[in-house]
There are 2 protein chains.
Amino acid sequence: MAPAWAYARRPLRRYAILAPGQFAENAKTAHGVIRYSNDETVAIIDPSCAGQTVREVVPYLDSSAPVVTSVAEALQRKPTSLLIGTAPKGGKLPPDWRAEILAATGAGLEIVSGLHDMLGDDPEFAAAARQHNVTIWDVRKPPDVPLFSGSAYDVKAPVLLAVGNDCAVGKMTVMLELARAARELGSNAEFVPTGQTGIMIAGWGIAVDRVISDFATGASEQLVLQAAARNPDYILVEGQGAINHPAYAPVTLALLFGCAPDALLLVADVRRSSMETYGTPMLSYARLVDIHEELCATVKPAGVVGIALNTFGLEQTAAAEEIARARAETSLPADDVVRNGAARLWTAIAPKLVKRHPLSAKAVA
Amino acid sequence: MAPAWAYARRPLRRYAILAPGQFAENAKTAHGVIRYSNDETVAIIDPSCAGQTVREVVPYLDSSAPVVTSVAEALQRKPTSLLIGTAPKGGKLPPDWRAEILAATGAGLEIVSGLHDMLGDDPEFAAAARQHNVTIWDVRKPPDVPLFSGSAYDVKAPVLLAVGNDCAVGKMTVMLELARAARELGSNAEFVPTGQTGIMIAGWGIAVDRVISDFATGASEQLVLQAAARNPDYILVEGQGAINHPAYAPVTLALLFGCAPDALLLVADVRRSSMETYGTPMLSYARLVDIHEELCATVKPAGVVGIALNTFGLEQTAAAEEIARARAETSLPADDVVRNGAARLWTAIAPKLVKRHPLSAKAVA
């Protein structure tokens, strides 16, 4: 039997997304789900911009779902699930959020939460869920997984893992865009979620950063095995953290060894000059390529096959210059897949992926 | 207030160690505690070798404590604590172990356990402990710790971290021997335990491998800060795993970044030719030095200052050849501190430690 966190075919969700006061500016999870999930978002609950549509509040989101004031109002749009779309400031759930979550539970909605605190462990929510026969899906809840076994070395599809020059540079977005481009070009590319937003988008996965350290490589391996069981042409793993991040590098290394990738994609935000909040200097693209390849070489060799740049906020000319600079520094294909579409970068790297994995079931022309 | 896992002055324990059928061959934790702890071991419970002394069963342990058949018999030696000195095969506690643990609880002994399963979470043990006003110390239980903050960068004593060519090569033993040698030579060296046996020996610490991945660097940092609060001349951190271990490397990296070491000591078992159980090839000493230094250089530079070889089982000539080979390959001081004593290696590396930490309070001649 598949474990609880694993992929399963199920009816698509219809999400009401709870993001009081924060939908416009501070709801990356909500924005990611609206943009990339196959599940439909039918309403946003945020009194601060109620009366508008999603598109009117966040222009780059292609959705006409209404923003409403309450769960009660959202119910008119027949949601199946309430998604907690942002984290409350200070970490504690404000009383009005509690009331809205309980209203959703009372109306029979599934509760989907990426909060650090597990809603299913909250006595009031747990009791309400039992009473109304409702599921609480705490997507960060770490499952029991076995230790790393080495089975990931035998996966039959090429595995591409995103690594980055920092946290929160767009690794998930890049891998989702590449997976979509691959599918549009006729390949079956499986996106593997390793963090909360990716899990909500794909409907399965493990938040590797919440797993006990000894089991983080095992969790990474299980994710790849789960994806491989669906016989994809390619496996595209969302990365986490950065190998030189003082706090989160262990999670990056868990994915680097546990997923046993055949190839790496370097994702870099061109505007960062030092590591988020710690002041650790940024490494050059060439140094980042070297350090990842040297580490992989000690266990299972994997080469960096391309660079996906996040040039958000730059003028077109400046973005093109950054892309050209990355190509010149590394002799690797480089592009911004959000700005320029992902088809070109995917077409450049896919043959390298296959070449690095001789067992690949499907040759790429 | 100091956290629960932190160092505190307390009366020394008198241990009865439970190791049924396994004291002679399969009780590394028990052997480590007998050899290195300031707490006294007053009896071993192992019917398979009862009637002998510790020294008669394990010749390298300098203890005349008796091996007895039961907790009841051990009570004559007035223990304060029952230490579970080994892991039961298959992971489950056999019924006769349960009975012995309950007998100890009933006699008012503290229970100290390094098992994966938390005895304090076992309803029967928890109830017995409450009834008899007894403490259960599950040494692997992960505490709540903050995220990594960078405070470790400001520690006033030089920090030396052990890294290894594999798991279970003797990193803890080497750091305990060096700390003892340093003290004998007049310096105040603080051993920092990062795994279960080290915690039992030192009476405080965190099993970093049991901490949630996102917090593993934070736990490592807290350990160093806790040691620094006692104003030592040197801080010697027990390492974990190996940077090229397919399963456990993330724990190694958590210590490498979270402890913010000024210097590293490479500990290597000369007999290993491939990574324990995974077949990953061993790296040369020179490669191990490079890969650790390159990673540290991305965050806080730290150089390898020496090599401690584990030459257990080799003839004296072969051991000397291995030590000479390590010196020749790396131009670093190298020795086997168990075979040859730790004073020589400590004397060779201590000045390098101070040199790498300009704030060090105490200069070494």
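Colleague: How many bridges join strand E4 of chain A to strand E5 of chain A?

Modeller: Two strands pair if DSSP finds at least two bridges between them. Strands (E, at least two residues) and helices (H or I, at least four) are DSSP runs, numbered from the N terminus. Here E4(A), residues 81-84, and E5(A), residues 110-113, run parallel and are joined by four bridges. Within E5(A), A:Glu110 stands opposite A:Ser81. Before going on, note that this is a predicted model: local features need pLDDT of at least 70, side-chain atom pairs count only at pLDDT 80 or more, and totals for chains, interfaces and linings use all residues. Residues are numbered from 1 along each chain as its sequence is written, while chains are lettered from A and ligands numbered from 1 in the order in which they are written.

Colleague: In what order do the six strands of the open sheet of chain A lie?

Modeller: The order is E3-E2-E1-E4-E5-E6, with parallel pairing. At the edges are strand E3 (67-68) and E6 of chain A, each pairing on one side only. Strand E1 (residues 14-18) of chain A is joined to E4(A) by four bridges, again parallel, and A:Ile17 has A:Leu83 in E4(A) as its bridge partner. Further along, E5(A) pairs with strand E6 (residues 136-138) of chain A over three bridges in the parallel sense; there A:Ser113 stands opposite A:Asp138.

Colleague: What hand does the β-α-β unit of E5(A), helix H5 and E6(A) have?

Modeller: To judge it, let the strands point away from you: a path from the first strand over the helix to the second that runs clockwise is right-handed. The unit made by E5(A), helix H5 (residues 123-131) of chain A and E6(A) is right-handed.

Colleague: Which strands form the open sheet of chain B?

Modeller: Six strands do, in the order E8-E9-E7-E10-E11-E12 of chain B, with parallel pairing. Strand E8 (189-192) and strand E12 (334-335) of chain B are the edge strands. Strand E11 (residues 303-310) of chain B pairs with E12(B) over two bridges, and B:Ala308 has B:Asp335 as its bridge partner in E12(B).

Colleague: How many residues of domain 1 of chain A are in contact with domain 2 of chain A?

Modeller: Domain bounds come from an automatic or database domain assignment, which for chain A gives domain 1 (14-138) and domain 2 (151-356). Contact means that C-beta atoms, placed from the backbone, lie within 7 Å. Nine residues of domain 1 of chain A touch five residues of domain 2 of chain A. Helix H1 (residues 28-36) of chain A gives the most to the domain 1 side, with five residues. The C-alpha centres of the two domains lie 29 Å apart.

Colleague: How many residues of chain B are in contact with chain A?

Modeller: There are 29 residues of chain B in contact with 29 residues of chain A. On the chain B side, H9(B) gives the most, with six residues.

Colleague: What rotation superposes chain B on chain A?

Modeller: Copies are superposed by least squares on the C-alpha atoms of residues with pLDDT of at least 70 in both. A rotation of 180° with 0.0 Å of shift along its axis brings chain B onto chain A, with an RMSD of 0.0 Å. That is the relation of a two-fold axis. The same surface serves both copies, as 100% of the contact residues of chain B recur in chain A.

Notes: Two residues are in contact if their C-beta atoms, placed from the backbone, lie within 7 Å.
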